[in-house]
Amino acid sequence: MNRSLPPELPADAPPLPDAHARTPAELFAQLASSDVGLSATEAYRRRIRWGENRLPANPPTPAWRRWVRQFHNLFIYVLLTSALISSLIQHWVDAGVIMAVVLINATIGFIQEGKAEAALRSILRLSKNQCLVMRDGQSFTLDSQLLVPGDVVALQAGDRVPADMRLFYNKSLRCDEAMLTGESQPTEKSVDAVSLDTPLAERSTMAYMGTMVTFGTARGLVTHTGNRTQIGQISELVQHVALPETPLQRQLAQLARQLTLVILLVTAATAVFGFLVRDYSLAAMFQGAIGIAVAAIPEGLPAIVTITLAMGVERMARKHALVRRLPAVEVLGAVDVICSDKTGTLTANAMTARLLVTSTARFTISGEGYAPIGDIQHHHGRSPNEDEQQQLNTACGIALSCNDANVTEDDGDWNIHGDPTEAALHVLALKQGLNAADHARHRPRLDTLPFETEKRYMASLHQMANGTREIAIKGAPDQLLHLCRYQWGPRGIEPLNKHYWEAEVNFLTNQGMRVLALANKAAADNASQLHHDQVTAGGLVMVALVGISDPPRAEAVAAIAQCQQAGIRVLMITGDNPTTAAVIGRELGLAADRVVTGAELDQVAAQDLPALAEKVSIFARTSPANKLQLVQALQAHRHALAMTGDGVNDAPALRQADIGIAMGQKGTDAARDAAAFVLTDDNFATIVGAVAEGRRIHDNIVKSIVFILPTSLAEASVILLAILFGWLLPITPAQILWVNMITAVTLTLALAFEPPEANLMQRPPRPRHQGLLTPRLLYRVMLVGGIGAATIFLLFRWHLQRTGDIELARCVAVNALVCFEAFYLLTARSLHDAIWHRRYWAGSGPALLSIALVAVMQLAFTYWPLSQEVFSLAPLAPAHWLILVAATSPILLLVELEKAWLRHAHRRWSLHQPGVPGHVHF
C-alpha cells in the first residue's frame, strides 16, 4: 500500500453508499487517502468544503412562539370571542373569568411542551467524543467533529465510533450496534468486502457513528461524516416527521367546530326572529344573542380536560410512565396496535446463558440479565445429580477462567465490564455457585491467547491447585469440534461423539441462540506461555455447549396476553436476524409462522404495504426507514398506533406514531426525546397499565363533556324560549356564569377522579375515527338538556306567576339548575353502569364531596346579602327547596331508565354477534 501522503481529494468525490462492498484499496484511491492518513492541510480543506463531522441542529422554537401556539385552537377562539362579547356588554366579571380559564389552559400546555425539538439535539450529543486519528503520518487525539472523509481512525474496546468508516485492519473487533440496528449480540467485524445488497446489520466491514466497541482493535478509513452517516440519515428522518395530532386534539377541535356552528346559527336565527317577529330593538336582540352565546359556550371544558389529563400524568408517573406531551396521555386509550422493538423492550437487552449442553444432557438456566440470580436445572426439571454437577462445575470453571469480563452491583443494578457475551458466561458460573475471586486465586491465569476472528477461539493457561497446568478454551463450535478428539463423559474422558454435538449445535441455533463451545486440555507442567500450536496439537476435550441469547422479559409475555385480551394487536419490528426474532416472538405469544425482513419490505409496493402489515406480526432486519414505513402503513388503515423502542434507529418511528414510548433506563436520548412517553422501569408491562389509564382518562373526559353540554344546552334553551315567547329571561348571563364557574370546579371536576369502569381492559379499543360524542351520547345530551330546560323554565314561570317577584323566580331558576346538575352527577358517574350496583358507589367520595361543597356555596350565593345585591336575588323559604328537590330529582331515574334500555338493546344485539362482549360500547 502507498505510504506517501495522499494528493488532494477531487471536489466531485462520490458519497460512497457502497463502501461496505468495496475493497480498502479501492476506497483509498477513491478518497485520495492512504493508511498513514491525510495531511493537516488537506484535512482542513476538506472540512471547509464538506463541513464538520456533526449533525445539523435546528434552532429551538422561541418561547414566545410556543406560548402563542397554545392559542391556535378553534375552541380557544370560541372562548376568546365569548370574552370579547362579554366585554362589549360590559360584563367584566364574565370576561375576566373566561380569560382566566384560557390563560390557565395555555400555561399548562406551554410548560408540558417545553422540549418539542430535543430529539435532534440528543442525537447530536452522540457524535461528541475524542478519537485517535492519523495525520501527516502521526497519531493525534482529536475532537471527532474535526474528522473528514479520508481520515484514518484507530478503534479499541470502550471507544464510541466517531464516524462511519470502512475497516482495513481488524484484530477481533466487535461492536455493540443495538442502538442502530437492533442486533442483540455484538457484531463481529472483518475487512473482507461484503455484497452490495447486504443489510445494514450484517455489514461487517463497516463501523458506524455512535456504536460502541466492546472488544478488540481496528483501524478504519472514514467514509461518511455528519449528516451523511447512518445516524445522520436517521436524524433527517426525524426532522421530516411532524408530530401527529392526537385523537383527543382532533375530537376537541371537531367538537369546537360543531359547537361554534350551532351557536352562530342559533344566535343569528334568534336575533332575526326577535327583530322581525317580536319587534325587539336591535340593541335588545344583540344583548339577547350574546346571552345565548355565553350560556351555550362551556367555558370550563378546556380547563376540565387539561386538569383531567394532568391528573392522569401524575397517576402514570407513579406507575413508572412519564408523559412528555400532555395531550398524549389520552391517546393510549384509543391504541389498537402496538409496534414494539425487540431488543431492550420485549427483551432485557442483556445477553444471558439459557441452555447448557454436556455429553449426556441439556440443562436449563433460569434468570435473565446480568444479575447472578437463578439456577441450573436438568431439562426434565430435576436437580443435577452428582456426576452432572461435576460436569457443570468443569464447564462453568472454563467459562469463568477463559473470560475477560466481570459484573458488579451498584444499588441493586448489575453492570458489566467487558464483552456482553463473556459477561453472560461469567454470570453462568456465578449461578453455578462459583466465586470469581476464589476461582482466580486457586487457578491463576499464566497466559492468554485473545480471541481472533481468524482463529475463532480464545484460550487461557492456568496453574491448577494440584500443581498441574491446564488450558481453557472457548470459541465457535465448528472450530472446536474440528480440533477436539475427546469429550467429558460421566466416567471421565471418552472419544468424541461428533454427530451428537453437531445435532445439539443445530438445536441451539434453531432456538435463535448464539452458541459457544467450552473445551480444555492438559498442559505441560513447566508451561508458562501459550501458543496456538499448543491448542491445536491434539488432546483437546469437548466439555459443553452454551446457548446464549437476549431472553424475553417474563412480564412482557403476560403484558402481551393482556393486550390481546383488550383487543390490541402487538407487532415486533426489530433489526435482529429473522431466526432470533421468530424464536423470541413464539416465546412472547406472537404469531411467528411468517417473518418478513427489511429486504422483503423494500420490494413491496407502497399500496400493498398496509395489507401486509395487517397479516404479519414479526418484522426482522428492518432499517429505520422500514420501521417508519410500517408505522405509516398501519396509520393508513386508520389504526391508532403506539411504537416502543430504545435505540436511535427507533426515533423516526417513535415520532411518527400516534404515541411513541421510549425506554428510560437503557434507551438512548434520541429515543426518549422523540417519544411522548418514557417508561422509567423499561418494562413493557407498564404499557398495559398506561393503556388502562388512558382509557380511564378518555372515559372521564367523555363523562365531563356529557355532563357539561346538557347544562349549557339547558341554559341557552331557557334564554332562547324567553326570546321566542317574548318573556323575561329566567336566568341572567351573570347568574349563568356563576353556575358554570362553581359547578366546573366542583361537580364537573369530580368526574376527573372517577375510578375505571368495569371490564375496562376487556372491551375493544374505541374506533380511531369515533368522535367524543357518539349518537347514543348525543341523544343523552339532548334528552337531559331538554328536560333540564323544561324543568327550569316551568319552575321560573310558575313562581313568577304566583308571586310576581322576578328576583325570587330567578333565584328559584338558578338553584333549580344547580340541583338538577347535582342529581345528574350521581347518574353521570358511569356511562352505562346502573346506579344501584354496589361497585357503582366504589370511589364515589369525590362526587359526594363536590355535591356537599356546591351546596354550601349555593346557600351562600342565595342568602348572603352582598350576593343577593350583585346577582339580583331574593332569599328562598324551606318550601322552595322541597319543590326544587321534587322537581329536579326525576332526572336521576330517567337517565337510569335510558341506561337500562341501552343495556337491554345491546344484549339482544350481542346475542347475534359471536365474540362481542356483553356490555354497552359508547
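The structure is a predicted model, in which local features need pLDDT of at least 70, side-chain atom pairs count only at pLDDT 80 or more, and totals for chains, interfaces and linings use all residues. Residues are numbered from 1 along each chain as its sequence is written, and side-chain values use heavy atoms, leaving out hydrogens and water.

**Salt bridges**
- The structure holds 26 salt bridges, each being a side-chain nitrogen of Lys or Arg within 4 Å of a carboxyl oxygen of Asp or Glu.
- One of them joins arginine 354 and glutamate 587, at 2.9 Å from N to O.
- Arginine 354 belongs to strand β10 (residues 352–357) and glutamate 587 to helix α20 (residues 578–588), so this pair ties together parts 233 residues apart in sequence.
- Helices (H or I, at least four residues) and strands (E, at least two) are DSSP runs, numbered from the N terminus.
- Arginine 354 is buried, with a relative accessible area of 17%, while glutamate 587 is partly exposed at 32%.
- Buried means under 20% relative accessible area, exposed over 50%, and partly exposed in between (1.4 Å probe, protein chains only).

**A buried threonine**
- Threonine 644 is part of strand β25 (residues 641–645).
- Threonine 644 counts as buried because its relative accessibility is 0%.
- Leaving aside residues up to four places away in sequence, threonine 644 touches several residues, including Ile338, Leu654 and Met663; contact means heavy atoms within 4.5 Å.

**Surface**
- Leucine 276, in helix α9 (residues 247–276), is exposed at 59% relative accessibility.
- Aspartate 411, in the loop between β13 (406–410) and β14 (413–417), is exposed at 77% relative accessibility.
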